[in-house]
Amino acid sequence: MDADVLVIGAGASGAAASWRLSSLGHKVVCLEQGDFQLPSEYPSSESTWELRKIGSHSPFPNVRKGKADYPINDSDSPIAIANFNAVGGSTILYSGHFPRMHPSDFRVKSLDGVADDWPISYTDLVPYFELNDQMMGISGLEGDPAYPPIPGLLPPVPMGKMGEVLAKGYNKLGWHWWPSYAAIATRPHGNRAPCVNLGPCNTGCTQSAKGSVDVTYWPLALAQGVVLRTNTRALRVVTDSDGVAVGVEARMQDGSIGTLNAKRVVIACNGVGTPRLLLNSVSKKFPNGLANSSDQVGRNLMLHPLGYVEGLFEENLESHLGPQGCCIASHEFYETRVENEFVRGYSMQVLRGPAPLETALSGVLRREIGWGSSHHDGFAKRFGHIASMATIIEDLPEPDNRVTLDPDLKDSDGMCAPRVTYRISENSKKMLSHAIQNGRNLMKEAGAIRTYGFGPVRETGWHLMGTTRMGDDPNTSVVDANGQAHDVPNLFIADSSVFVTSGGVNPTSTLQAVALRIADAVSESLGVS
Amino acid sequence: MNRNLEALTALMIPEDAARKLPSGSAVLQQSFDSSSELFLTLETAADEVASQISNKSELSLENMSVKEFEDFVKAKRSSVESNLRIIGHELMKLYYTNPAVQEGIGASSRAPFPQGYVLPDNDFDLLEEVFNRGPIYREVLND
């Protein structure tokens with residue numbers, strides 16, 4: 001036996017699960033198709049970082065085409081799929097915005113009559129949220145009326161002039177706002193330096209102030225003996241004649257194909273990668289893909305359609321300074337309101353203003369920056385003067401929004417690529433329109449002289465959820481409340497593909513709490529509580 | 001870099017001594033690679049603009065002032081728009097990722113050492129009315 005537990009994927013959830021299982025004494029081997037990243041090599045403190053953001057450090061694998069990437073056919077989706085295949089996964093490039101889902105997100109069917117209830121609750125996850133907050137180093141402020149109490153936070157990231165101006169706008173409207181929950185160290189945390197408010201978090205944090213899991217969980221997991229095999233791509237989960245998961249066939253670092261055996265297999269490959277692996281793991285016993293007797297593997301894909309709002313201010317707000325995706329956020333419209341034409345709701349995540357190149361390109365496109373003597377003045381009136389916001393829409397699970405296998409497109413190992421089919425529902429469209437209008441109202445109330453809003457934005461497919469959903473009924477779900485596949489003993493799934501609903505916030509906090517809980521369940525199945 | 005591209009990019013983004021900002025042509029010159037297909041495309045586009053200017057006016061690209069250039073673009077926008085878009089897009093990518101330009105606009109990619117960029121302290125008094133309105137999340141009973 002190569003391991004007690006094989007974990008596939010070294011991203012947000014794989015890291016948390018590997019650490020937790022190793023701290024409970026299990027022998028863990030983690031397979032990751034990408035490699036370690038060197039923070040000193042991130043583009044973020046180079047003058048050309050904005051160019052690298054649309055090239056080597058793009059969040060879109062179809063743009064990046066890196067050695068560890070696999071192609072994704074997302075031509076049938078209005079939202080392009082993002083990921084980052086490396087130790088750390090998508091946390092290498094994420095903004096670190098780290099709110100939890102709300103208690104109501106776990107009871108959408110009971111409360112609002114749509115979607116389904118999770119087989120677990122917010123209360124079940126509280127100990128894991130708190131553990132994860134400590135491990136990741138989460139900053140924020142206690143007392144937020146949008147949540148039950150959340151203790152143990154580092155001081156919040158600075159709002160800056162821009163955040164303060166928008167906060168006053170929210171106050172004029174009588175709307176909720178609160179300093180962002182952020183996986184950003186605002187003071188020294190463990191071996192991590194505090195944030196220096198540089199801005200380009202989305203091309204990697206050279207300070208290691210941003211809580212990507214390569215600097216949070218992985219150093220500890222490795223010190224506890226986890227074996228992390230990089231540049232190793234899982235090709236299929238192997239089962240025995242009884243249909244029990246016994247290991248993984250993988251393309252190893254040296255190019256050879258081999259099988260690693262374990263008592264338990266935990267998949268943590270994100271909401272597109274996980275169904276892809278299961279659908280590729282066909283056998284006589286599982287002709288429809290592994291763990292798929294319910295025909296739910298790949299279905300119910302949720303992506304959080306996103307609306308983008310901008311406000312241009314007369315005053316220089318120095319809006320480009322500070323962590324790019326973390327400032328303040330509003331949950332005023334998070335919960336269902338009877339007066340709305342839609343059910344469920346959205347959050348409003350204030351972003352820092354655009355960086356220099358983005359400011360110039362959009363300014364010229366909109367003819368607000370001209371050529372000639374007016375160019376520098378035009379630029380100066382925009383740079384630092386723009387506040388922006390993302391509105392994250394809670395999309396409901398729809399069975400035809402799904403991940404399947406592309407019959408023609410393959411990765412460098414010959415494995416079928418995923419194909420994504422996604423449609424924005426009428427409920428989501430109405431919500432998006434409402435959110436964008438409210439975002440513009442907020443900007444105007446805060447004093448913006450001009451506002452823009454549009455959505456859905458295509459380049460926003462970072463949140464990948466729902467494709468191997470949790471549930472008590474094996475006919476309508478893939479895994480149970482402990483993340484164990486209904487069909488396949490010894491197989492667990494520990495990433496956001498187990499989500500039943502998407503909530504209206506960034507999923508990382510919740511998916512890591514779920515992963516820690518599932519790791520405990522895996523450990524219990526091995527006789528260790 | 002040919003004279004037309006040099007002249008045009010200096011007109012599109014002129015030097016600004018007060019802001020310590022170089023001209024577009026000065027920045028382009030630093031990166032210019034005569035064997036690059038991209039730069040050949042830009043030179044071709046600049047040649048077309050030069051020819052459009054001399055066809056539609058008595059001016060020449062090399063000798064026109066910034067004001068004359070602006071007036072020409074205003075009056076005859078459609079004749080030069082697509083070429084200016086091609087050149088402008090690439091010019092801005094080089095210009096706004098140039099360290100000297102970033103220094104000039106106050107956006108250096110190297111934060112001041114060791115304290116970084118310092119933002120004002122948060123004014124938590126602004127949160128008082130949010131806090132006083134009480135909880136806004138939906139309670140889920142029996143969970």
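The expected span of a helix is 1.5 Å times one less than its number of residues. Helices (H or I, at least four residues) and strands (E, at least two) are DSSP runs, numbered from the N terminus.

This is a predicted model, in which local features need pLDDT of at least 70 and side-chain atom pairs count only at pLDDT 80 or more, while totals for chains, interfaces and linings use all residues. Residues are numbered from 1 along each chain as its sequence is written, chains are lettered from A and ligands numbered from 1 in the order in which they are written, and side-chain values use heavy atoms, with hydrogens and water left out.

**Stop 1: helix α12 of chain A**

Select residues 508–525 of chain A, which form helix α12. At 1.5 Å a residue its 18 residues should span 26 Å, and the end C-alpha atoms are 25 Å apart, which agrees. Now look at its surroundings. Of the 18 residues of α12(A), 16 are buried, so the helix is largely enclosed by the rest of the structure. Buried means under 20% relative accessible area, exposed over 50%, and partly exposed in between (1.4 Å probe, protein chains only). Just after α12(A), select G527(A), which has a positive phi of about 90°.

**Stop 2: helix α6 of chain A**

Next select α6(A), residues 160–173. This helix has 14 residues and reaches 20 Å from its first C-alpha to its last, close to the 20 Å expected at 1.5 Å a residue. Its buried residues include G160(A), M162(A), G163(A), V165(A) and L166(A). The buried residues pack against β10 (328–330), β11 (346–351), β12 (386–393) and α11 of chain A, together with α7 (128–132) of chain B. Just after the helix, G174(A) takes a positive phi of about 70°.

Two packed helices are described by the angle between their axes and the distance between the axes. Axes are lines fitted to C-alpha atoms, for helices over the stretch in contact, and angles run from 0 to 180 degrees between N-to-C directions. The two helices are therefore roughly perpendicular to each other; angles under 35 degrees count as roughly parallel, over 145 as roughly antiparallel, 65 to 115 as roughly perpendicular and the rest as oblique.

To see where they meet, show V165(A), L166(A), G169(A), Y170(A), K172(A) and L173(A) of α6(A) with N441(A), L442(A), M443(A), E445(A) and A446(A) of α11(A). Contact means heavy atoms within 4.5 Å. This contact has 7 nonpolar, 2 polar and 2 charged residues. Ala, Val, Leu, Ile, Met, Phe, Trp, Tyr, Cys and Pro count as nonpolar, Asp, Glu, Lys and Arg as charged, and the others, Gly among them, as polar.

**Stop 3**

Select T467(A), in the loop between β15 (450–454) and β16 (491–493). Is T467(A) buried or exposed? T467(A) is buried, with a relative accessible area of 0%. A polar atom of its side chain lies 2.7 Å from the backbone oxygen of G271(A). A cis peptide bond joins G455(A) and P456(A), with omega about 0°.

**Stop 4**

Most residues other than glycine have a negative phi, and most peptide bonds are trans. S208(A), in the loop between β4 and α7 (217–223), has a positive phi of about 60° although it is not a glycine. S208(A) is buried, at 14% relative accessible area. H304(A) has a positive phi of about 55° and sits in the loop between α8 (270–280) and β9 (306–312). H304(A) counts as buried, at 2% relative accessibility.

**Stop 5: W178 of chain A**

Select W178(A), in strand β4 (residues 178–179). At 4% relative accessibility, W178(A) counts as buried. Its contacts beyond four places in sequence include I328(A) and A329(A) in chain A and L127(B), V130(B) and F131(B) in chain B.

**Stop 6: helices α1 and α5 of chain B**

Select α1(B), residues 3–12, and α5(B), residues 77–95. Their axes come within 11 Å and cross at roughly 75°, which makes α1(B) roughly perpendicular to α5(B). In α1(B), L5(B), L8(B), T9(B) and M12(B) meet L84(B), I87(B), G88(B) and L91(B) of α5(B). The contact has 6 nonpolar, 2 polar and no charged residues.

Terms used: Polar contact = N/O pair within 3.5 Å; in protein donor to acceptor, adjacent residues only side chain to side chain.
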